[in-house]
Amino acid sequence: MIRFEYLEPKTLKKASSLLHQHGKEAMIIAGGTDLLRQLKLRTVRPRFLINIKPILPIDRISNGSGAALKIGAATTIGSIEHSPVVRAKSFALYEAAHALGSPQIRNLATIGGNLCNAAPSAETAPVLLARQAKAHISGIDGSRIIDLESFFLSAGKTILQKGELLSHISIPAAPAGSGEAYIKHGMRSSMDIAVVNVAAFITLTPSGNKARQCFISLGAVAPKPIRAYRAEQIIRGNAPSEKLILEAARLAVEEAQPISDMRASAQYRKDMIAVLTERALKLALERARLSLKH
Ligand SMILES: Cc1cc2nc3c(=O)[nH]c(=O)nc-3n(C[C@H](O)[C@H](O)[C@H](O)COP(=O)(O)OP(=O)(O)OC[C@H]3O[C@@H](n4cnc5c(N)ncnc54)[C@H](O)[C@@H]3O)c2cc1C
């Protein structure tokens, strides 16, 4: 029998001070879909569980000031999936939310839990990296904002320090002429974590001839979700031709460090990175062209 004390702070400040007070003996619980399994397997043994769901401001989706989207860490994946604001502002985030687990899991699982669990395959991470999202971190001395890319250190490890928790994430507004896409490849048709997941975000010039901006990110192919910088670079500033997209897909493979595990071999993952990067780029491009017409 696992024994722990269950705490329900009413404010972010109180949650941080409890985390600080109890140090490594305390853990945040949000939806519990990752944590309860870890408790059962005894890979974690906290003495205090701090439930952050009752802290209302961190369970919201809103149009942030100067940002396209502000999403509280305790917002469920289901709320993200069903939010018209998310669909309008980041269609790829909707695609990622829809791809996570089953409806039952999505009703419990939170975006904060998905990111703080720091699995290399985390469903929401590639889209958020491609959209240049910021992580808003709350601690006993106030809050700090960092690029989400710096949030992940390695599998299961984040930059969060003693007494800190993720309060929300923000996504900058997409410029006119932008399109994005998220594609997940699992070994089963549903309820499977990604073997490879890819997100692409492209902004075209007003004429539609060139890519003004391009961001590509990959999951499950390195110890943490990563950006494919060299792949992005050859698209940026150029006409995104078929040849260039294939070259970007080849570079994305080179930038990844996939391993072989029970789900797939490293070679299979490499093959899938090429296929998914090409597909995600083409889809993002198609959507960017459509957005220029509207
Ligand atoms: C059947 C099943 C299917 C699944 N399928 C998928 C899938 O397809 N894709 C996928 O990516 N994941 C999947 N998962 C994993 C899981 O559902 C997600 O990672 C989920 O988003 C975790 O959110 P949670 O709120 O349940 O996190 P919790 O389990 O509550 O917490 C996870 C970790 O994050 C920490 N934490 C949570 N919130 C914060 C915060 N705000 N600040 C600091 N630390 C925090 C907790 O202390 C804990 O260490 C699946 C899980 C199950 C059981």
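Colleague: Is strand 10 mostly covered or mostly open, and how many of its residues are buried?

Modeller: Buried means under 20% relative accessible area. In this predicted model, strand 10 spans residues 165-172 and is mostly covered. Of its 8 residues, 7 are buried.

Colleague: Which strand pairs with strand 10, and in what sense?

Modeller: Strand 6, residues 134-139, is paired with strand 10. The sense is antiparallel, over 5 bridges.

Colleague: What should I keep in mind about side chains in a strand?

Modeller: In a regular strand, side chains alternate between the two faces of the sheet.

Colleague: Is Ile71 buried or exposed?

Modeller: Ile71 has 0% relative accessibility, so it counts as buried. Leave out residues up to four places away in sequence, and Ile71 touches Arg60, Ile61, Ile80, Val86, Leu93, Ile111, His168 and Ile169.

Colleague: How many bridges join strand 2 and strand 3?

Modeller: There are 4 bridges, in the parallel sense, with strand 3 covering residues 48-51. Ile29 has Asn51 as its bridge partner in strand 3.

Colleague: Where does Phe4 lie, and what does it contact?

Modeller: Phe4 sits in the segment before strand 1. Its relative accessible area is 36%, so it is partly exposed. Neighbours within four places in sequence aside, Phe4 is in contact with Leu39, Pro46, Arg47, Phe48 and Leu49. Phe4 and Leu49 are 45 residues apart in sequence, and their C-alpha atoms are 6.7 Å apart.

Colleague: And what is the order in the open sheet of 4 strands?

Modeller: That order is 11-12-13-14, with antiparallel pairing. The edges are strand 11 (178-185) and strand 14 (226-227). Each of these has a single partner strand, so one side of each is left without a neighbour in the sheet. Strand 13, residues 211-219, pairs with strand 14 over 2 bridges, antiparallel. There, Ser217 stands opposite Arg227 of strand 14.

Colleague: Which strands does helix 12 lie across?

Modeller: Helix 12 lies across strand 11, strand 12 (196-204) and strand 13. It runs at about 150° to strand 11.

Colleague: How do I read the angle between helix 11 and helix 12?

Modeller: Over 145 degrees counts as roughly antiparallel, and 65 to 115 as roughly perpendicular. Helix 11 (residues 242-255) and helix 12 (residues 266-293) have axes that cross at roughly 140° and come within 8 Å. The two helices are therefore oblique to each other. Their crossing is right-handed.

Colleague: Which residues make that contact?

Modeller: Helix 11 supplies Glu242, Ile245, Leu246, Ala248, Ala249, Ala252 and Val253. Helix 12 supplies Lys270, Ile273, Ala274, Thr277, Glu278, Leu281, Lys282 and Leu285. By class, the contact has 10 nonpolar, 1 polar and 4 charged residues.

Colleague: Last topic, backbone torsions. What is the phi of Arg42?

Modeller: Most residues other than glycine have a negative phi. Arg42 has a positive phi, near 60°. Arg42 lies in the loop between helix 2 (35-41) and strand 3. At 39% relative accessibility, it counts as partly exposed.

Colleague: Where is Ala118, and is it buried or exposed?

Modeller: Ala118 is in the loop between helix 7 (111-116) and helix 8 (125-130). It is buried, with a relative accessible area of 1%. Its phi is positive, about 55°, although Ala118 is not a glycine.

How values were computed:
Residues numbered from 1 in each chain as written. Predicted model: local features only at pLDDT ≥ 70, side-chain atom pairs only at ≥ 80, totals over all residues. Heavy atoms only, no water. Buried < 20%, exposed > 50% of the residue type's maximum accessible area, 1.4 Å probe, protein only. Pairing = 2+ DSSP bridges. Axes fitted to C-alpha atoms, helices over the stretch in contact; angles between N-to-C directions. Parallel < 35°, antiparallel > 145°, perpendicular 65-115°, else oblique. Left-handed = near helix turned anticlockwise from the far one by under 90°. Contact = heavy atoms within 4.5 Å. Nonpolar A, V, L, I, M, F, W, Y, C, P; charged D, E, K, R; others polar.
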